Amino acid sequence: MRTQVAIIGAGPSGLLLGALLHKAGIANVIVEQRSAEYVLGRIRAGVLEQGTVGLLDQVGVSTRLHREGLVHGGVELCFGGARHRIDLHALTGGKTVTVYGQTEVTRDLMEARAATGLATIYEAEGASLHDFDGSHPQVRFNKDGVTQTLDCEFIAGCDGYHGVSRQSVPAGALQTFERIYPFGWLGVLSETPPVSHELIYSNHERGFALCSMRSMTRSRHYVQCALDDKVERWSDDTFWDELRRRLDPVAAEALVTGPSIEKSIAPLRSFVAEPLRFGRLFLAGDAAHIVPPTGAKGLNLAAADVGYLARALAEHYAEKSDAGIDHYSQRALRRIWRAERFSWWLTSLMHKFPETGAFGQRMQAAELDYLVHSTAAATAMAENYVGLPMEW
Ligand code: FAS
Ligand code: PHB
């Protein structure tokens, strides 16, 4: 097999990159280790920045998003028993975010790709990357017991944090930066109406909580839990009772509970690998970086990465210029680090850190008080939450 760009991973990064390259007339093949059903079964992000929506518009995969997505002009912070709205729309000159699950984005991209006839090789096992620091890169994998070789001109590592791409880079060529948080998020998906029409982020002495949604009939809630906690310890009733304790009285009263249709615990970490380019191999999305989900940046950063990468590869093929691919890593990392900072800041502000003690709690209370009473502070939060400009 031969193509121009081999993409490792059929998550949102790989699928969106494939769609952007196809629009630019660049042939690409996606190699994915799991089945399409498995990929769709992962419940993850829920908030899209305008830049991400714009990229989906660009590849013609946003019809359902515009029909079913919920456009939000604000977000609420809950602390000290009361809620305070951050008016994103007013503070950012009209910007908004769209609530539309990552699962739906992935489904839309998968269906669009299937319609193009582009090759997506699911259940491709044991992928290995070769000669990406030379001029004839290859991806080898096993499909149905047969070893296959994909000759290509570039490889895009869109295979997530545990993928093979970053691990294929010689250790000395990569510098990594990491912070692991001393807690996780227990998330529950339920066919229940959202407690409010916008998201609620709660800083409570018992721990962080988040009330999000997927539609006006399907909710996604999270509570901060111990790093070594187990899903089995959390019955639905235990979860709802704990969530209710971490909300203001009005929200606690309005909360409609119901059976969980998905329940899982995710660890939280900040992680960045530098640089993002190694010869003809490029890293994008979670293969390159991880953010704690507090700032809703993970999926949006992945979209920005592949937006930059697709533009750089289009320049290489159409204009015979390598300026874009030479600049990709530096350009993507500038946005990545700004999102890492915002995600770390909001995580540090909203979660319970026992090790920081009473003084740490007072610092959080003072910052939250300042945030909701200072236009300058609220603007800083708002412009990061809606997404900083893409700076093409
Ligand atoms: P992904 O991990 O989504 O996709 C990588 C793909 O590569 C997968 O399909 C995998 O099977 C495949 N792959 C891996 N190794 C391979 C190999 N060797 N060969 C072939 N294929 C391989 N972000 C938010 O903004 N908000 C959230 O609330 C949020 N919650 C999250 C919860 C969890 C548990 C996790 C893990 C992440 C969460 N994220 C959240 C971040 C998440 O949405 C990611 O940013 C997003 O999935 C990034 O997409 P990809 O870069 O495509 O990586
Ligand atoms: C979600 O809906 O899953 C979600 C929303 C906002 C976040 C994190 C997760 O910050």
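Which charged end sits over the ring of Phe154?

**View 1. A charge over the ring of Phe154.** The charged end of Arg280 sits there, 4.9 Å from the ring centre. A charge counts as over a ring if NZ of Lys or CZ of Arg is within 6 Å of the ring centre and within 35 degrees of the ring normal. This is a predicted model: local features need pLDDT of at least 70, side-chain atom pairs need pLDDT 80 or more, and totals for chains, interfaces and linings use all residues. Residues are numbered from 1 along each chain as its sequence is written, chains are lettered from A and ligands numbered from 1 in the order written, and side-chain values use heavy atoms, without hydrogens or water.

**View 2. Trp185 and Phe208 form a stacked pair.** The structure holds 13 aromatic pairs. In this one, the ring centres are 5.2 Å apart and the planes lie at 20°, so the pair is stacked. Rings of Phe, Tyr and Trp (its six-membered ring) pair if their centres lie within 6.5 Å; planes under 30 degrees apart are stacked, over 60 edge-to-face, the rest tilted. Trp185 is in strand S13 and Phe208 in the loop between strands S14 and S15, so the pair ties together parts 23 residues apart in sequence. Strands (E, at least two residues) and helices (H or I, at least four) are DSSP runs, numbered from the N terminus.

View 3. Tyr201 lies in strand S14 and Tyr385 in helix H12, so the pair ties together parts 184 residues apart in sequence. Lys297 lies over the face of Tyr385, 5.8 Å from the ring centre.
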